[in-house]
Amino acid sequence: MQKMIKKYFALFALPTLIAFTVAFVVPFVLGIYLSFTEFTTVTDARWVGLDNYVKAFKDPDFLKALWFTAKFTVVSVVSINVLAFLLALLLTKKVLGTNVFRTIFFMPNLIGGIVLGYIWQLIINGILYQFDVTLTSDPKYGFWGLVVLMNWQLIGYMMIIYIAGIQNVPKEQLEAAKIDGATSGTILRKIILPLVMPSITICLFLTISNSFKLFDQNLALTAGAPSKQTTMLALDIFNTFYSKAGFEGVGQAKAVMFFIMVALIVVIQLGITRRREIEN
Amino acid sequence: MVDDTQKNRPFLFLVLLVLAVAFLSPILIVLMNSFKGKFFINDAPFKLPTGDIYVGLENYTSGIQKIGFFSAFGMSLFITVLSVAAIVFFTSMTGWFLTRVKTKWSSALFFMFVFSMVVPFQMVMFTMTKTANVLGLDNPVGILLIYLGFGSGLSVFLFSGFVKSIPLEIEEAVMIDGGGPIEMFFRVILPILKPIAITVAILNVMWVWNDYLLPYLVIGTEYQTIPIAVQYLKGGYGSIDMGAMMAMLVLAIIPIIIFYLICQKYIIEGVVAGAVKG
């Protein structure tokens, strides 16, 4: 049967493969190559070795963006996951209207990053106006603005995954613990938390990669203002490509390093998940 | 779950109610401001649109005109519907094919699809735009091919994972009855794939509809989707027409809320399924 299906390669696999080659394989390979060259239009590429990488590391904007992104990722990952988990605990206690609440909390996740950015620009500027400052007066407003925005967008999503995890905890185990006189704190720490570990891993991974790769929200909320101090990595790469003539090669080198950082996060994540699955 | 929470239920309900209002309020505040004069928005976003401040639908008419909202809506709809249809149609076939044909080539291809899921857009942003230009794909039809290609990683992966759970006997039975691979896939396998096809469709609708950077770079100078149009309203020149912005934000959110309310069950299930496997 395998041989028979194989003959139909042109129908079943070729269309996807052509699109995949055009949209991904060629741009990816070309991107790696161009990161070692100086170019403005691709055809005029000239080999410069590691020059672009050296320039990228000497670029204070890049290092600032990396630091800002790292700080932002840590703060938003912790806050989103703690709040989403608490919300999931609340919603798994049979409270009236659980489904309606779930629907409401999840909704912001569907709104696109650009629209989200402008919604929060209005709200945050409105609050700061009372104190005679704006979102772009100080980078700390932009930072916390992005954290709040990200929490609003992702808490509902993570909450749904945590709810699924909590609902998988066997009821018998909970009842047995209660009969043995365990407090709800002990039950949470000793029974619920270990059993929802798979959900925690998924949520950590999703929030880390979403925060680290953030672009649209950053562009709409502050666009990096004041003076590039709230620029995240993805936006810095975009700016290097499109608003600094002659820096295309450096932009591509930054993009390759960005890819390597994202890939490292994924590899570490997969390693942890694998190990835990073997342990169980 | 735990007995001692029973007596706390009215309190818990109240906490959730307050949180729900807090979650909804940003959208409601934008809605409220969309009816206010443009000079009363930045300074007093929490004031109700009463008296002189109230301008009716003025912001909507001026915003729709300024960014050509309806053509942006049409463009978003065109690109989203057709590229998601293409993704579901072609990657379901590819996912099935790569799972059933086990050679070193098919494994290598599958690995490349999975690998592409890890690569952030910025890595290929510049070169993909150039490739699209050279090949003449920088138009609303060409971008469909780009979306199929860039979206194929996750979609092939999800379909392939589902195909593994379908017993081979079903396909063998088709073959014994004299059916070929075309019949096998379209008559028998495709209907079985329906649940995962819904998941793939939902995940891709959410991505393509909200996507900003890819369409901006590939077709943005000539054709605007909704996110591009909203960003365009900000313009390069400091002062934003806040009234028009509020109205356009509301119009951008409405289709999403309608879509959510109609397909809520599928969306939540699909997003969770995609997250767990992806």
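How many salt bridges are counted between chain B and chain A? The count is 0, where a salt bridge means a side-chain nitrogen of Lys or Arg within 4 Å of a carboxyl oxygen of Asp or Glu.

Before going on, a word about what you're looking at. This is a predicted model, in which local features need pLDDT of at least 70 and side-chain atom pairs count only at pLDDT 80 or more, while totals for chains, interfaces and linings use all residues. Residues are numbered from 1 along each chain as its sequence is written, chains are lettered from A in the order in which they are written, and side-chain values use heavy atoms, leaving out hydrogens and water.

So what do the two chains share? On the chain B side, 100 residues are in contact with 90 residues of chain A, contact being heavy atoms within 4.5 Å. Together the chains bury about 8700 Å², 82% of it on carbon and sulfur atoms; buried area is the accessible area (1.4 Å probe) that two parts lose on being put together, summed over both. Between chain B and chain A there are also 12 residue pairs in polar contact, with both residues at pLDDT 80 or more. A polar contact is a pair of N or O atoms within 3.5 Å; within protein, one must be able to donate a hydrogen and the other to accept it, and residues adjacent in sequence count only if both atoms are side-chain atoms. Helix H12 (residues 242–277) of chain B gives the largest share of the side that touches chain A, with 16 residues. Helices here are DSSP runs (H or I) of at least four residues, numbered from the N terminus.

Now for the rings. Over all chains, the structure holds 47 aromatic pairs; rings of Phe, Tyr and Trp (its six-membered ring) pair if their centres lie within 6.5 Å, and planes under 30 degrees apart count as stacked, over 60 as edge-to-face and the rest as tilted. Take A:Tyr242 and B:Phe126: their ring centres are 6.2 Å apart and their planes at 40°, so this pair is tilted. Because A:Tyr242 sits in helix H13 (residues 233–242) of chain A and B:Phe126 in helix H5 (residues 121–134) of chain B, the pair joins two chains. B:Phe126 is buried, at 5% relative accessible area, while A:Tyr242 is partly exposed, at 36%. Buried means under 20%, exposed over 50%, and partly exposed in between (1.4 Å probe, protein chains only).

Finally, find A:Thr103 in helix H6 (residues 98–106) of chain A. This threonine is buried at 13% relative accessibility, and A:Thr103 touches B:Tyr260 and B:Gln264, not counting residues up to four places away in sequence.
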